[in-house]
Amino acid sequence: HLLAAELAAAKVPVILSPVRSKPYDPSNRRARDDAAAILVKAGVKLALATADTHNARHLRWDAGFAVVHGLDWSQALAAITCNVADIFDLSQGTRPATGTVVAGGPADLVVFDGDPLTLAGHVVLVATGGVVELAPRQR
């Protein structure tokens, strides 16, 4: 966030991981809860990442945390879907990029009964690889 304007001017995308350590940790003294909002407002393409794979299930909540701290909801959703695909150039020729949903395009979907970026949203349907599962359970 300290170089947001410079990153935007240079068109450098940022993959931001949440700060999950103690605020008094000297390595985090410049960390800010609104860093995602600052970067996007400056024009930086942003993706959110988890710090570790065993907490990947928290990614949607990290995006929700960014919303609470000023990031637009649609930008937060893009930061965990299509922006990731765009940053890593996951488009497949003329087909839409991974992380997007378009008519006729391939898609793996997770459907929630509420806001997916909050604790209140629960998974009600998962469609992946052509298989649809209603009321999926964590395995």
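A salt bridge is a side-chain nitrogen of Lys or Arg within 4 Å of a carboxyl oxygen of Asp or Glu. The structure, a predicted model in which local features need pLDDT of at least 70 and side-chain atom pairs count only at pLDDT 80 or more, while totals for chains, interfaces and linings use all residues, holds two salt bridges. Residues are numbered from 1 along each chain as its sequence is written, and side-chain values use heavy atoms, with hydrogens and water left out.

Select lysine 45 and aspartate 86: their closest N and O atoms are 2.8 Å apart in a salt bridge. The pair links distant parts of the chain, 41 residues apart, with lysine 45 in the loop between helix H2 (35-42) and strand S2 (46-48) and aspartate 86 in helix H5. Helices (H or I, at least four residues) and strands (E, at least two) are DSSP runs, numbered from the N terminus.

Next, select arginine 32 and aspartate 34, whose side chains meet in a salt bridge (2.8 Å, N to O). Aspartate 34 has a relative accessible area of 22% and arginine 32 one of 45%; each counts as partly exposed because that class lies between buried (under 20%) and exposed (over 50%), with a 1.4 Å probe and protein chains only.

Move to alanine 66 in helix H3 (residues 59-68), which is buried at 8% relative accessibility. Alanine 36 lies 30 residues away in sequence and 6.3 Å away in space, C-alpha to C-alpha.

Finally, select valine 101, in the loop between helix H5 (82-87) and strand S3 (109-112). Valine 101 is exposed, at 59% relative accessible area.
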